[in-house]
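Have the structure open while you read.

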Amino acid sequence: MKAQPKASHFIDGEYVEDSDGAVIESLYPATGEVIARLHAATPAIVEKAIAAAKRAQPEWAAMSPMARGRILKRAAEIMRERNRELSELETLDTGKPIQETVVADPTSGADAFEFFGGVAPAGLNGAHIPLGQDFAYTKRVPLGVCVGIGAWNYPQQIACWKGAPALIAGNAMVFKPSENTPLGALKIAEILHEAGLPKGLYNVIQGDRDTGPLLVNHPDVAKVSLTGSVPTGRRVAAAAAGSLKHVTMELGGKSPLIVFDDADLDSAVGGAMLGNFYSTGQVCSNGTRVFVQKAVKAEFLKRLKARTEAMLIGDPMDEATQIGPMVSWAQREKVIAYIEKGKAEGATLIAGGGIPNNVSGEGYYVQPTVFADVIDNMTIAREEIFGPVMSVLDFDDEDEVIARANASEFGLSGGVFTADLTRAHRVVDRLEAGTLWINTYNLCPVEIPFGGSKQSGFGRENSLAALEHYSELKTVYVGMGPVAAPY
Ligand SMILES: NC(=O)c1ccc[n+]([C@@H]2O[C@H](COP(=O)([O-])OP(=O)(O)OC[C@H]3O[C@@H](n4cnc5c(N)ncnc54)[C@H](O)[C@@H]3O)[C@@H](O)[C@H]2O)c1
Ligand SMILES: C[N+](C)(C)CC=O
Ligand SMILES: [K+]
């Protein structure tokens with residue numbers, strides 16, 4: 001098989017198998033071919049991984065942040081050296097075009113290791129608080145064993161975005177990738193150990209929604225960071241609350257992208273396409289509700305249709321391919337059902353709307369699809385589709401569009417295209433979302449915090465802010481004189 005790893009799990013510095021676990025077949029989304037066969041973690045594997053993490057963590061926490069950082073930076077270098085190999089693996093795991101994975105996925109993971117490796121010595125400092133004769137100081141201390149649970153759209157990036165801040169802060173991690181994309185995280189674990197990470201600190205176990213709770217409910221786990229859907233987030237946060245674990249929730253969205261009539265239209269069209277079709281639309285922060293001011297609607301749709309219909313759909317391993325399959329057959333079925341719903345509810349189909357005819361029947365392909373004349377209460381305007389389906393909605397003025405943009409349970413992201421700079425800042429200030437873009441869309445460099453508000457989650461990944469979610473403050477009050485006791 002094309003991508004069979006040495007074993008299903010990576011625990012305590014080595015590959016481990018337990019064939020009693022349920023079989024997980026890893027399918028290549030472009031063909032449906034089985035490329036690896038793995039096993040879900042049994043309770044014994046879960047125990048082994050958590051025990052290894054718990055054993056290894058104190059010594060790691062006792063090292064200086066600088067020494068920990070050196071290992072992460074070496075891992076970043078190895079990832080960059082192996083970018084091609086890792087990108088091909090990411091494409092096999094997810095079906096995302098190689099054109100994307102070579103620039104986006106291992107690169108973004110390496111950026112996380114480099115950033116957190118580099119900022120650690122200063123980023124983990126505490127404070128000194130003068131109190132007259134006395135004083136106090138704070139220390140940032142690790143939480144202990146942290147669990148990461150990943151979604152299938154960015155398997156390598158998620159494994160690194162969670163692993164890098166957890167490790168630099170002195171924690172150990174047990175990571176469970178999505179059952180749809182089990183392969184990438186194992187390579188990340190291998191590379192971290194090759195870079196010198198002591199064994200037990202970054203463990204990967206396979207499994208699905210039945211395995212996740214074994215991690216989330218475990219008494220030796222201090223924190224859970226989930227990337228997934230809102231319903232899963234609710235379940236995981238509720239389970240974690242049972243033992244008061246720290247949680248970070250990176251969940252779904254239905255983000256607004258607002259195009260004013262003074263915008264650079266080619267940029268706005270490009271931003272809307274990137275914000276709906278990149279990774280075949282499987283991006284949490286996508287601007288799937290594109291509000292276009294009426295005066296430019298016709299021209300916007302004309303350019304959007306031409307550029308959408310020119311997109312190259314096909315074999316993800318072909319460098320020219322711009323749009324690959326969905327990650328799974330189930331996801332394709334879900335997206336097609338939404339497209340049918342859009343048609344049935346009366347939206348105007350502008351481009352796509354079905355299965356492309358130039359690709360193999362076994363692959364999980366869907367055409368990039370644009371609907372116009374979408375009304376706020378249509379299903380495609382309210383629910384997260386997680387596929388290449390853009391809804392274009394009309395609007396007249398600023399107050400109206402802000403109110404409509406905010407009328408969503410989600411609050412992950414948003415964007416605005418306009419030439420009027422004061423309007424741009426005024427509008428993003430009023431949009432209820434964790435990450436906003438002006439005159440661009442979906443850029444998520446590691447230097448900036450990323451995360452959601454409202455039902456899209458809480459906690460932030462990346463930037464110095466992430467360190468606060470993988471550590472806690474310890475305060476020490478120092479008395480410098482005799483204790484003046486009144487009794
Ligand atoms: N905000 C972000 O950063 C971000 C990034 C990528 C994807 N997402 C969201 O993820 C979703 C798509 O990914 P998905 O389909 O893999 O999501 P999902 O919620 O189905 O699964 C996410 C992960 O949670 C695990 N899981 C499921 N039930 C669990 C439970 N009860 N306890 C513990 N673990 C459990 C799954 O096995 C998987 O690893 C979309 O909603 C998308 O918006 C968010
Ligand atoms: C975090 N991001 C936007 C890169 C991927 C989310 O699906
Ligand atoms: K897969």
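## Rings and gaps

At 6% relative accessibility, Tyr364 counts as buried, because buried means under 20%. Keep in mind that this is a predicted model. Trp329, on the other hand, is partly exposed, with a relative accessible area of 40%.

How many aromatic pairs are there? The count comes to seven. In one of them, the rings of Trp329 and Tyr364 have their planes at 80°, so the pair is edge-to-face. This pair links distant parts of the chain, 35 residues apart: Trp329 is in helix α11 (residues 329–344), while Tyr364 sits in the loop between β14 (348–351) and β15 (369–372). Next come Trp437 and Tyr441, whose planes are at 55°, so that pair is tilted. Both Trp437 and Tyr441 are buried.

| Lysine | Ring | Distance from ring centre |
|---|---|---|
| Lys96 | Tyr154 | 3.5 Å |
| Lys223 | Tyr470 | 4.5 Å |

Now for the gaps. The model has two cavities of 30 Å³ or more. The largest cavity has a volume of about 60 Å³, and of the 15 residues lining it, the closest to its centre are Pro256, Arg289, Ala405, Phe410 and Glu432. Its lining gets at least two residues each from α13 (398–406) and β17 (410–411). By class, that lining has six nonpolar, five polar and four charged residues.

The second largest cavity holds about 60 Å³ of space. Its lining includes Gly253, Cys284, Glu384 and Phe386, and divides into four nonpolar, five polar and one charged.

Terms used. Residues are numbered from 1 along each chain as its sequence is written. Chains are lettered from A and ligands numbered from 1 in the order in which they are written. This is a predicted model: local features need pLDDT of at least 70, side-chain atom pairs count only at pLDDT 80 or more; totals for chains, interfaces and linings use all residues. Side-chain values use heavy atoms; hydrogens and water are left out. Rings of Phe, Tyr and Trp (its six-membered ring) pair if their centres lie within 6.5 Å; planes under 30 degrees apart count as stacked, over 60 as edge-to-face and the rest as tilted. Helices (H or I, at least four residues) and strands (E, at least two) are DSSP runs, numbered from the N terminus. Buried means under 20% relative accessible area, exposed over 50%, partly exposed in between (1.4 Å probe, protein chains only). A charge sits over a ring if NZ of Lys or CZ of Arg is within 6 Å of the ring centre and within 35 degrees of the ring normal. On a 1 Å grid over the protein atoms alone, a cavity is a set of points where a 1.4 Å probe fits but cannot get out, and a pocket is an open set with protein on both sides within 12 Å along at least five of seven lines; lining residues have an atom within 4 Å of a point. Grid points are joined across faces, edges and corners, and a volume is the space filled by probe spheres set on the points. Ala, Val, Leu, Ile, Met, Phe, Trp, Tyr, Cys and Pro count as nonpolar, Asp, Glu, Lys and Arg as charged, and the others, Gly among them, as polar.
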